[in-house]
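User: I would like to go through the charged side-chain pairs of this protein, one at a time, with the reasoning spelled out.

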Amino acid sequence: MNYHWPAVDVELLRTLPPVLGAVVRALGFGRAKEFLVERGGVNISIPKHRSAGLGLSDDELARLREMLALHMDAADRVWMPKPDKLFIRVRDEQIRREKHRYSITAQARQHNLSSRHIQNVRREGNDAQLDLF
């Protein structure tokens, strides 16, 4: 079918576990976040036709079914991941992107993390460069 797919950062999708990536691909980051905050962490049924209970449009539901087809059981149910991993990956990417703009202390306060954790996240982005030497 021909759906209107949301724009999603391909690099972000590569870092996500399969089901989480499928939800983000189908709904877009913002809608996936909203959907998983409400329904993450449980096994849900993905109906073939619109269901007011899920709060999705016909197009969103169709895209979600298509993306989750390989992950659904015989009863069209799938375990929805909790959104924690999605938030953590986006937060960590923001920390790395803004490392030249804010101090470690400022980022630790902004994200409610320890300075050590901020240093570790900042270092993760440099691992590819270190592996070359």
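Analyst: Buried means under 20% relative accessible area, exposed means over 50%, and partly exposed lies in between, computed with a 1.4 Å probe on protein chains only. This is a predicted model, in which local features need pLDDT of at least 70 and side-chain atom pairs count only at pLDDT 80 or more, while totals for chains, interfaces and linings use all residues. Residues are numbered from 1 along each chain as its sequence is written, and side-chain values use heavy atoms, with hydrogens and water left out.

User: How many salt bridges does the structure hold?

Analyst: A salt bridge is a side-chain nitrogen of Lys or Arg within 4 Å of a carboxyl oxygen of Asp or Glu. By that criterion, the number of salt bridges in the structure is eight.

User: Which helix holds both glutamate 34 and arginine 31?

Analyst: The side chains of these two residues, glutamate 34 and arginine 31, form a salt bridge at 3.1 Å, N to O. Because they stand three residues apart, about one helical turn separates them, and the helix (a DSSP run of H or I, at least four residues) that holds both is α3, residues 29-39.

User: Is glutamate 60 buried or exposed?

Analyst: Glutamate 60 pairs with arginine 31 in a salt bridge of 2.8 Å, N to O. Arginine 31 lies in helix α3 and glutamate 60 in helix α4 (residues 58-68), so the pair ties together parts 29 residues apart in sequence. With a relative accessibility of 11%, glutamate 60 counts as buried.

Key. Helices (H or I, at least four residues) and strands (E, at least two) are DSSP runs, numbered from the N terminus.
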